[in-house]
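Welcome, and please bring up the model in your viewer. We will walk through its charged side chains, one stop at a time.

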Amino acid sequence: MTDVRQTPGIVSTLFRSEQGGHEQVVLCQDRASGLKAVIAIHSTALGPALGGTRFHAYSSDEAAVEDALNLARGMSYKNALAGLDLGGGKAVIIGDPDMDKSEELLLAYGRFVASLGGRYVTACDVGTYVADMDVVSRTAPQWTTGRSPENGGAGDSSVLTAWGVFQGMRASAQAKWGDPTLRGRRVGVAGVGKVGHHLVEHLLKDGAEVVITDVRGEAVDRIISRHPGVTAVSDADVLVRTPLDVYAPCALGGALNDDSVPALTASIVCGAANNQLAHPGVEKDLADRGILYAPDYVVNAGGVIQVADELHGFDFDRARAKATKIFDTTLAIFERAAADGIPPAAAADRLAEQRMAERTSAESWLRP
């Protein structure tokens with residue numbers, strides 16, 4: 001495991017850089033199970049730090065720490081703008097989930113989560129699933145979300161993730177065209193897997209024309225077989241060049257980059273993918289082209305809203321009502337961006353930082 005005394009880069013990031021400011025970073029190891037993990041707590045200003053557990057074969061232990069730090073910071077911002085009384089944290093387990101994951105390892109990980117006494121609440125992320133959280137919850141029952149309905153959880157969070165993205169898209173349409181509907185608009189969805197296929201259903205019900213693509217042919221076939229009127233194109237490069245009103249990246253991060261942004265035909269970008277901006281400055285490139293960008297961590301927060309509701313005894317209707325408020329939050333961000341003369345991504349960061357600094361409760365968040 002990484003010895004922090006030998007990684008001045010990480011220590012400098014934690015204590016001295018603008019990207020730091022994390023409250024706590026825990027290095028976890030259980031030799032019996034092979035567990036090596038990092039739990040990063042960025043902020044508990046608004047409440048316990050909620051964020052998923054990523055299981056990934058990192059190139060180095062230091063890369064795992066860096067990823068945990070970045071992901072934890074992102075969760076602070078996401079949870080703040082989702083109107084949750086929760087802070088931001090994230091965990092990463094180092095290893096190949098297909099080879100190294102075991103019941104013993106997950107139980108050991110749960111013991112580390114429990115040792116934090118509620119400062120960190122975990123959930124699913126890349127490489128971990130509902131069944132894994134059921135195991136983790138056996139040793140950290142109070143601080144594990146994303147469990148199966150049979151174990152008191154919410155199950156698949158993609159349902160409300162898609163609903164929240166749809167609400168963000170409606171708000172974008174309101175800001176751009178003065179009407180919160182996609183009826184008659186052409187929407188391109190890149191990635192029609194767990195979240196994307198639910199989003200397509202909402203768009204079609206709203207009267208949109210939908211164009212899709214996915215690297216997996218079976219995902220495209222599933223949509224086309226149910227909705228023959230949907231058009232498919234070969235890949236995302238083709239999709240961004242296709243005449244569109246709205247582009248929805250719902251697959252991998254970095255979809256908005258130096259190649260795709262100049263080629264975009266859409267007036268709005270609003271999708272479920274995390275980390276859509278390939279690097280700083282892309283948000284300004286979008287704004288300079290007159291393209292309205294709905295920040296990804298704002299509109300895709302339906303999933304975290306869903307799992308957070310488990311902490312109160314999951315109620316789908318209550319969680320859906322909270323996710324519907326992504327519409328109002330997205331509009332508030334656009335209004336702040338216009339007032340301050342900055343891109344929406346920067347406005348979202350400012351609003352999140354303001355809420356964390358003021359420790360504004362969910363009850364009064366965004367109220368006039």
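Buried, on this tour, means under 20% relative accessible area. With that cut-off in mind, note that you are looking at a predicted model, which holds 16 salt bridges.

**First stop.** Select Arg54 and Asp125 and show their side chains: they meet in a salt bridge, at 2.6 Å from N to O.

Together with Arg54 and Asp125, they are linked in a network of salt bridges.

**Next stop.** Move on to Glu209 and Arg186, a salt bridge whose closest N and O atoms are 3.1 Å apart. Here two strands are involved: Glu209 is in E8 (residues 209-213) and Arg186 in E7 (residues 186-190), distant parts of the chain 23 residues apart. Colour by accessibility and you will find Glu209 partly exposed at 40%, with Arg186 partly exposed at 23%.

**Last stop.** Now select Arg350 and Asp340, where the closest N and O atoms of the salt bridge are 3.2 Å apart. Arg350 lies in helix H16 (residues 344-358) and Asp340 in helix H15 (residues 326-340), so the bridge ties together parts 10 residues apart in sequence. Arg350 is partly exposed, at 38% relative accessibility, and Asp340 is partly exposed at 32%.

Note on methods. Residues numbered from 1 in each chain as written. Predicted model: local features only at pLDDT ≥ 70, side-chain atom pairs only at ≥ 80, totals over all residues. Heavy atoms only, no water. Salt bridge = Lys/Arg side-chain N within 4 Å of Asp/Glu carboxyl O. Helix = DSSP H or I, 4+ residues; strand = E, 2+ residues; numbered from the N terminus. Buried < 20%, exposed > 50% of the residue type's maximum accessible area, 1.4 Å probe, protein only.
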